[in-house]
Amino acid sequence: MSGFEGSYLGAADKISPAAIMECKICWTPYDPAEGDDYRQVEPGTAFRDLPGDWSCPNCSAPKAQFMVLEDPGSEAVAQDRKLEEIAQRLTSDFREVWHASMRDLPMVNKTLSVEAVGFQVWNERPLGVLITPWFMNLVLMPSEDDNWSEIRPGTKDILNFPSGDYEFIHNTREMTGAYMACSLFSPMFEFKTQMQAVEVARAVMAALFDPGNIADTDRAADIRAAREAAAAPANDREADDGPERETVPTRRAIITGGLAAQAAAEA
Ligand code: FE
């Protein structure tokens, strides 16, 4: 790799902790694996974590004069940033829906808020869970090579995960663009706190990729059970409410959270 991949100046968020940097005055490298004996910088210290007054051990050029020589972690950093952008676009889009048209409807759980959870890349496409006060969906976004703009909203696709097959429905929104969603919960009344909803969302993301969740007869059954289990401890904490409230939300989670259930309206 060349030494001209970009200056560090103003780009601290673009380099990974593994980046090997080079002084552009005297070409002295800084390798985080080695640190800097000259100024007692421990091996394992990322360039961006060096003190602000650190300078080239050879020519004393300031930190800003260093350029990226090689960055084995740059792709991961770029991918993380892309996922963060997608999560932000989704949440601001649905926050707008929430404030514009959903807030006063009886089907919403006002203790909840719009949040994107666990977005990661699956088969080159961003996948995660979107929580809103009125639904929890798995959301799959297109890869850069996909063109979903011609796909009619409402078109269904079965996608194969290690835990089984799940039905996703194509949809599109002005801000979010084209996406696919698989309904997990709707409405959201069984969740008493946002934290509880987030815990279940994380459990769903884990269960989705666990081949142990496959069943011959009903592949969705075990993932539903996993979601129920994730919701259960929170329900137990509410035991003061009496046995009825303790069990009803759990049962509701099974009935309304069926992955094969018809997709919830997307607002
Ligand atoms: Fe130097």
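1. Rings of Phe, Tyr and Trp (its six-membered ring) are taken as a pair if their centres lie within 6.5 Å; planes under 30 degrees apart count as stacked, over 60 as edge-to-face and the rest as tilted. Under this criterion Trp122, Phe161, Tyr166, Phe168 and Phe209 form one aromatic cluster, and the whole structure holds 13 aromatic pairs.

2. On the basis of these comments: the model is predicted, so that local features need pLDDT of at least 70 and side-chain atom pairs count only at pLDDT 80 or more, whereas totals for chains, interfaces and linings use all residues. Residues are numbered from 1 along each chain as its sequence is written, and side-chain values use heavy atoms, with hydrogens and water left out.

3. Overall architecture. The chain has four helices and nine strands, where helices (H or I, at least four residues) and strands (E, at least two) are DSSP runs numbered from the N terminus. Their order from the N terminus is β-β-β-α-β-β-β-β-β-β-α-α-α. Among contacts (heavy atoms within 4.5 Å) between residues at least 6 apart in sequence, 61% join residues at least 24 apart.

4. Burial and surface. Of the 267 residues in the chain, 43% are buried; buried denotes under 20% relative accessible area, exposed over 50%, and partly exposed in between (1.4 Å probe, protein chains only). The chain exposes about 14,200 Å², of which carbon and sulfur atoms supply 50%. These areas come from the Shrake-Rupley method with a 1.4 Å probe, and for residues only the protein chains shown count as cover.

5. The largest nonpolar core. A nonpolar core is a set of buried Ala, Val, Leu, Ile, Met, Phe, Trp, Tyr and Cys residues joined through side-chain atoms within 4.5 Å. The largest one has 28 residues, and Leu127, Val129, Ile131, Met136, Leu138 and Phe168 touch the most other members. Two or more residues each come from β4 (115-122), β5 (125-131), β6 (136-140), β7 (156-161), β8 (164-173), β9 (177-185) and α2 (194-208). The largest share, seven residues, belongs to α2. Another core, of 17 residues, lies apart from it and includes Val97, Leu130, Trp134 and Phe135.

6. Ile131 and Leu112. Beyond its neighbours within four places in sequence, Ile131 is in contact with residues including Val117, Met136, Met188, Gln194, Ala197 and Ala201. Leu112, in the loop between α1 and β4, is buried at a relative accessible area of 3%.

7. Aromatic pairs. Phe161 and Phe209 are edge-to-face, at 5.9 Å centre to centre and 75 degrees between the planes. Because Phe161 lies in strand β7 and Phe209 in the loop between α2 and α3 (219-237), the pair ties together parts that are 48 residues apart in sequence. Phe161 is buried, at 5% relative accessible area, whereas Phe209 is partly exposed at 24%.

8. A surface patch. Leu105, Met107 and Phe189 form a nonpolar patch with about 250 Å² of accessible area together. Met107 is partly exposed, at 36% relative accessibility.

Methods: Patch = residues over 30% accessible without salt bridge, like charges linked within 9 Å, V, L, I, M, F, W, Y side chains within 5 Å. Salt bridge = Lys/Arg side-chain N within 4 Å of Asp/Glu carboxyl O.
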